[in-house]
Amino acid sequence: IRSKIDGVIKVIYKQDGEAIKSLESIMLLQNPNRLRVEGLVELQHAGLLTEGMSVTVEASRPEKPELVLRGHLQEVTGVAVADDGQGRPLILSGSEDRTVRIWDRVDGKQLYTLRFPSAVRAVACAPDGKQNLAVAGTAEGSAWLLRGFSSTKEPTLAALGGRHKGPVTCAAFSPDGKLLATGGEDHLIRLWDTSNGELLHLCPPDQGHRGAVTSLHFASNTELVSAGRGDQSVRVWRLGANSLPSGVNEFPRRSGDVADLGVSPDGKRVLFDQGRDLQVLSLATGQIEGVLHNTSPAMNFTTMALFSPKDGKLVLTASASENRLQLYRSPVGARCAEIRQLVWPTSPATCGVFDPQGRFAVTGMKDRSVLVWQMPSPQEVDQELRATITTVDRSLDAGARQVRIAAEVDNPNGHLVPGDTATLVIEPKK
């Protein structure tokens, strides 16, 4: 008996002395290093395909968390990543249990527990790790600065000089760390001086959101991007001398399902939710520069949509059911594709953040867990799997008016999982 492929015999269907008919299976031979991808194409496209054509295979690999941090007593509501000043990442997590906990990223050890008078609803860190500066926003409207912490030193706490008229829902530091913005259920955005904790300005309420502010991200030291619940809009605030708000642009009619909408690391684009789609809008013109489609049928994006730092090539998202966390290739400058499914079946995510260096992501979960996810390497993000079409079926599925095709692909690194779902990207010859 000869086979066209090498592999491992998984099943033997016939025993000694049994008869064998023509084309009857004798044994099952598997080789995970070379796979066949099968799919269906619409009839109108099938005539453009030929055997021997080269195609691209896109597959999303399921991943479990690299590290699970447990200690919170209630739902996790905010996460952030800091640097201890010596290149050692620290993870901060806030919770309804009225604490902020600081964890060592390397071994998962809980270093400090900071207690507050009410539930913590927002956590953020200054982008410059040398400042060792963070903020915690609480349910009674206060924001607290955390200063001078490291893996060997507990932070000092100082309340900012004022408060929101309701829970603090989000916070962000400017790229230079000199300015802090906080948003609240009171529809207001407050700008603070981080050097002394004093209130600098209010973003004008008559130009602000008509509902709770759910997302804040600085595009630069002079541009702040906010998203609000109720008016379903994204606003871009221009900050003039002494960080005084001097103007605002509004992008209306988002679906409002995604509370936290990220800004690209170059400060030129923002993610804009539209149900099953995420649009990438230019902050300068409001034009759509790319669209990211949810791969899960009839499932909207929710909770968060965040660009990876440094190059913005990845987008971290959450979906409305199945507790799905997804990692997509950004649709800007490349074909959008889901490359990871981050699997935690017991609970949905409530918040998330990337490590400033892009090495890992952290998500807070409703089940009180804090999860750390390893990010793919830049080479893996840019990698293309090429396959060759081996079969274009000439028979037609009359009901669906589709034609079956097959392609073979080398899979030496195990990127594709046998039996899983993949997408064939075909560019027909003209």
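This report walks through a few spots in a predicted model.

## Ground rules

The model is predicted, with local features needing pLDDT of at least 70 and side-chain atom pairs counting only at pLDDT 80 or more, while totals for chains, interfaces and linings use all residues. Residues are numbered from 1 along each chain as its sequence is written, and side-chain values use heavy atoms, with hydrogens and water left out.

Let's start with β12, residues 133-138. Strands here are DSSP runs of E with at least two residues, numbered from the N terminus. All 6 of its 6 residues are buried, where buried means under 20% relative accessible area, exposed over 50% and partly exposed in between (1.4 Å probe, protein chains only). In a regular strand, side chains alternate between the two faces of the sheet. In β12, Leu-133, Val-135 and Gly-137 point one way, while Ala-134, Ala-136 and Thr-138 point the other.

Met-27 sits in β2 (residues 27-30). Its relative accessibility is 32%, so Met-27 counts as partly exposed. Together with Ile-1, Ile-9 and Ile-12, Met-27 forms a nonpolar surface patch with about 430 Å² of accessible area. Areas come from the Shrake-Rupley method with a 1.4 Å probe, and for residues only the protein chains shown count as cover. Patch members have over 30% relative accessible area and no salt bridge, with nonpolar side chains (Val, Leu, Ile, Met, Phe, Trp, Tyr) joined within 5 Å and like charges within 9 Å.

Met-53 is in the loop between α1 (43-46) and β4 (54-59); helices are DSSP runs of H or I with at least four residues. Met-53 counts as buried because its relative accessibility is 4%.

## Around Ser-226

Ser-226 belongs to β20 (residues 223-228) and, at 2% relative accessibility, counts as buried. Its side chain makes a 2.7 Å polar contact with that of His-209. Such a contact is a pair of N or O atoms within 3.5 Å; within protein, one must be able to donate a hydrogen and the other to accept it, and residues adjacent in sequence count only if both atoms are side-chain atoms.

Methods: A salt bridge is a side-chain nitrogen of Lys or Arg within 4 Å of a carboxyl oxygen of Asp or Glu.
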